Amino acid sequence: MEWGSESAAVRRHRGAAEHREGQAAEPRRERGAPAPEDSRGDGRTRKRRESEGASRGAGTALSEARTVLALALYLLALRALVQLSLQRLLLSRTAGLQGEFDARQARDYLEHITAIGPRTTGSAENEILTVQYLLEQIKLIEGQSNSLHSISVDIQHPTGSFSIDFLGGFTSYYDNITNVVVKLEPRGGAKHAVLSNCHFDSVANSPGASDDAVSCAVMLEVLRVMAASSEPLQHAVVFLFNGAEENVLQASHGFITQHPWASSIRAFINLEAAGVGGKELVFQTGPENPWLVQAYVSAAKHPFASVVAQEVFQSGIIPSDTDFRIYRDFGNIPGIDLAFIENGYIYHTKYDTADRILLDSIQRAGDNILAVLKHLATSDMLASSSEYRHGNMVFFDVLGLLVIAYPSRVGSIINYMVVMAVVLYLGKKLLWPKHRSANYMRDFLCGLGITFISWFTSLVTVLIIAVFVSLIGQSLSWYNHFYVAVCLYGTATVAKIILIHTLAKRFYYVNASNLYLGEVFFDTSLFVHCGFLVTLTYQGFCSAFMSAVWVAFPLLTKLWVYKDFKKHGAQGRFITLYFLGMFIPYLYGLYLIWAVFEMFTPILGRSGSEIPPDVVLASILAVCVMILSSYFINFIYLVKSTKKTILTLTLVCAVTLFLVCSGAFFPYSSNSLSPKPKRVFLQHMSRTFHNLEGNVVKRDSGIWINGFDYTGMSHVTPHIPEINDTIRAHCEENAPLCGFPWYLPVHFLIRKNWYLPAPEISPRNPAHFRLLSKEKTPWGSVKLTFEATGPSHMSFYVRSHRGAKLSQWSLGNGTPVTSRGGDYFVFYSHGLQASAWQFWIEVQQGSEEQPEGMVTVAIAAHYLSGEDKTSSQLDALKEKFPDWSFPSAWVCTYSLFVF
């Protein structure tokens with residue numbers, strides 16, 4: 001079956017090569033053909049007319065235009081199928097049926113919650129109005145419940161502290177925050193329970209419809225349906241409406257570490273959002289506990305799940321986290337994490353409103369959550385879940401129609417079986433003496449080199465373009481027009497790959513037939529994907545199933561089309577059969593690529609000032625093009641010419657680059673149907689710096705401005721001329737985190753900020769910070785005890801001086817955790833009312849006392865709600881911002897001390 005071995009296939013194409021070289025006498029032997037003296041090769045006894053006749057059938061090269069058109073239509077058709085599957089949110093409709101989830105009722109809950117407005121922890125909107133509404137609805141549900149069930153309600157106000165390695169590492173402290181906890185159980189009680197979690201708080205200045213009011217609305221409706229059901233429950237279902245998730249997962253920690261019902265929880269479902277609407281994706285499960293994945297597979301009515309998303313998210317490259325981490329790390333409980341991922345452009349903005357979430361999105365989420373909770377609440381496995389703990393699962397949905405899941409150990413066996421099939425296929429060709437060709441091994445290895453060179457040079461090319469675009473200030477030109485990225489970076493990648501292979505075909509593979517080269521480069525692509533499969537499987541990645549798909553189906557396709565190829569050559573029938581054989585890997589590949597860009601493109605608009613988004617997107621796009629083009633490289637060698645294709649792609653890239661450089665594509669949009677705003681943080685702050693003696697050495701006030709993307713304020717300056725590079729903020733080198741009131745420790749992501757002088761602010765509820773005591777411990781360290789009072793959100797920063805280090809403190813687990821850069825960051829929040837925050841730190845000094853002191857500490861108070869939240873200067877500046885921006889603003893104070 002070797003197209004390039006000493007076979008009739010080679011002999012058929014020798015005549016075509018002879019014709020091209022114009023040799024009427026003894027023909028020059030093609031690469032891959034047998035030597036004339038070879039006893040097995042009967043080329044010399046063949047009549048030349050036979051060879052020429054065969055060449056007319058199988059040796060005719062493909063038309064460039066028709067091949068390119070066929071490839072383009074094929075990929076567009078696959079993309080259309082992917083889009084159709086994504087737009088079909090419901091596989092069947094059950095709304096309005098007795099005992100089924102009703103999205104209209106859930107939408108009513110959602111609209112009432114979002115009508116309250118932004119709900120930051122500690123605000124009256126969050127702690128009183130939202131809690132009152134939830135309790136009212138729960139009471140109504142309790143009145144309609146079936147006598148088989150019992151409903152218990154508890155309002156929890158936990159206080160606690162923990163450290164987390166999110167955003168480089170920091171410590172969190174919370175006091176008197178709010179959880180609304182509901183337990184639905186059999187009338188006689190239950191020993192075990194499954195938890196369903198959402199959060200009703202939101203970030204400042206956002207109604208938080210998708211994050212996460214819609215999840216709480218879904219949970220209320222699920223509670224209503226389950227409570228009214230006549231189906232008995234075997235286990236309890238605990239519904240946790242937590243009021244402090246946006247404070248970096250505080251409320252879930254308070255529940256799982258302190259609530260009396262927490263000890264009965266055996267599994268959980270967490271409802272989250274990284275976008276607005278669409279399908280809710282299962283992007284984390286476990287840890288281990290494969291029975292949970294099986295539960296979702298068995299019960300979910302509209303499945304949408306991917307182990308690829310799980311491994312990408314858990315790698316840490318996405319700057320986000322959910323309550324899943326808290327239940328996993330602090331509760332040692334397995335669970336399922338779901339989130340809406342579409343339209344992340346308006347996540348955490350004023351545009352995150354209830355009307356943007358489709359009714360079908362709510363219905364599918366409700367159908368799935370209701371079905372999975374029912375399944376778990378009646379499952380025998382829940383009570384003895386520890387017995388089914390071990391092992392991971394490979395799981396993925398097929399266009400939202402069904403989920404395929406199997407144990408990872410089975411996946412490894414399947415993967416290695418696929419690898420063995422490739423080894424046998426290539427081994428027969430490369431190693432068996434009977435089929436060994438003097439040139440094939442060399443051409444195969446050179447083909448690998450050419451393939452890697454084409455990938456490397458194409459990646460370098462798009463990176464050069466991306467760096468150039470970034471340097472001239474035109475980053476994110478594709479943010480509002482994604483096709484720009486495809487036309488700029490995608491075409492450059494494809495053109496460079498085709499160019500390298502065309503040069504190889506012209507100058508290296510001079511005498512080889514087209515079909516022989518098509519064979520060689522199909523085999524090299526198969527070998528490369530097989531290498532990825534071995535690597536991923538060996539490393540234990542469940543995502544290796546994707547590589548298995550991209551090896552198994554192409555190999556089967558090759559075996560399937562060989563006879564037709566041998567008989568008819570590279571004609572229309574061959575292309576049709578080849579495309580059909582590649583249908584599954586390419587369809588699912590495009591399905592996953594959609595998810596990648598749906599997640600990462602919006603994130604690049606809020607990834608900070610230090611990461612060039614064009615470099616990241618160009619790299620991702622180039623890798624995707626390399627994968628998608630891998631099994632079409634052989635067509636470069638089967639077509640007559642590639643000149644027009646290279647010229648067209650180069651022209652498209654050049655024109656797009658010119659338009660990008662001229663500023664034709666504006667990154668942001670205020671379109672009411674599809675807004676893509678620029679995110680800006682405005683903090684009107686007053687700072688006070690004290691020295692070791694307690695004297696004020698510096699005091700200033702101004703509006704501190706942070707742009708959350710790479711373009712900084714370049715697009716804002718024409719609208720607000722006073723915000724320009726002359727007012728760039730200066731870092732206070734001796735102060736922790738440069739002496740600025742960071743709300744979270746993202747200082748390493750955002751190094752470009754602006755400081756516009758403004759009058760001093762005087763909050764009605766000012767923050768107070770004082771040293772209560774300073775004492776020397778028997779082991780030689782110094783213990784400093786502090787007290788702080790202030791608004792619901794404060795940040796505490798510490799920097800140890802030369803010769804000193806923090807050895808202990810009263811926060812977290814007692815061991816101080818540094819943030820990125822070596823300083824210490826503590827995030828503090830409290831509910832509606834809280835006592836003074838008292839804590840201590842222990843400093844280990846060196847042998848000599850330093851004249852500059854032991855530590856520098858600072859505290860920032862953030863006024864995110866209430867009458868102290870804004871100022872006239874802040875409001876005036878916000879009004880100047882263009883409508884395509886989203887300035888989130890609040891007032892804060894900052895005080896620094898040296899001890």
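Which residue does a disulfide join to Cys731? Read on through these close-ups of a predicted model to find out.

**View 1. Two disulfides, two hands.**
The partner of Cys731 is Cys738, with the sulfurs 2.0 Å apart. This link has a torsion of -80° about the S-S bond and is left-handed. Cys738 is partly exposed, at a relative accessible area of 26%. The structure holds 2 disulfides, and the other one joins Cys198 to Cys216, S to S 2.2 Å. Here the torsion about the S-S bond is about 105°, so this disulfide is right-handed. Cys198 sits in strand 5 and Cys216 in helix 6, so the pair ties together parts that are 18 residues apart in sequence. Cys198 and Cys216 are both buried.

**View 2. Cysteines without a bond.**
Count the bonded cysteines along the chain and you get the pattern 1-2, 3-4. Cys624 is in no disulfide, and its nearest cysteine sulfur, in Cys487, is 16 Å away. For Cys653, the closest cysteine sulfur is also that of Cys487, at 9.3 Å, which is too far for a bond. Cys624 counts as buried at 10% relative accessibility, and Cys653 counts as buried at 10% too.

**View 3. Strand 9 and its two partners.**
Look for residues 335-340: 6 of the 6 are buried, so strand 9 is largely enclosed by the rest of the structure. In a regular strand, side chains alternate between the two faces of the sheet. In strand 9, Gly335, Asp337 and Ala339 point one way, while Ile336, Leu338 and Phe340 point the other way. Strand 7 runs parallel to strand 9, joined by 6 bridges, and Phe268 stands opposite Gly335. Strand 8 pairs with strand 9 in the antiparallel sense, also over 6 bridges, and there Gln284 stands opposite Asp337.

**View 4. Helix 15 and Tyr489.**
With 26 residues at 1.5 Å a residue, helix 15 should span 38 Å, and its end C-alpha atoms are 37 Å apart, which agrees. The helix bends by about 30° at Gly490. Tyr489 is among the residues that touch the most other members of the largest nonpolar core, which has 230 residues. Leaving out residues up to four places away in sequence, Tyr489 touches Val462, Trp478 and Leu621, among others. A second, separate core of 55 residues includes Phe170 and Leu249.

**View 5. Leu874, tucked into helix 23.**
Leu874 lies in helix 23, residues 872-880. Its relative accessible area is 0%, so Leu874 is buried. Beyond its neighbours within four places in sequence, its contacts include Leu682, Ile703 and Trp890.

Definitions and conventions: Residues are numbered from 1 along each chain as its sequence is written. This is a predicted model: local features need pLDDT of at least 70, side-chain atom pairs count only at pLDDT 80 or more; totals for chains, interfaces and linings use all residues. Side-chain values use heavy atoms; hydrogens and water are left out. Helices (H or I, at least four residues) and strands (E, at least two) are DSSP runs, numbered from the N terminus. Buried means under 20% relative accessible area, exposed over 50%, partly exposed in between (1.4 Å probe, protein chains only). Contact means heavy atoms within 4.5 Å. The expected span of a helix is 1.5 Å times one less than its number of residues. The bend at a residue is the angle between axes fitted to the seven residues ending there and the seven starting there. A nonpolar core is a set of buried Ala, Val, Leu, Ile, Met, Phe, Trp, Tyr and Cys residues joined through side-chain atoms within 4.5 Å. Two strands pair if DSSP finds at least two bridges between them. A disulfide is a pair of cysteine sulfur atoms within 2.5 Å.
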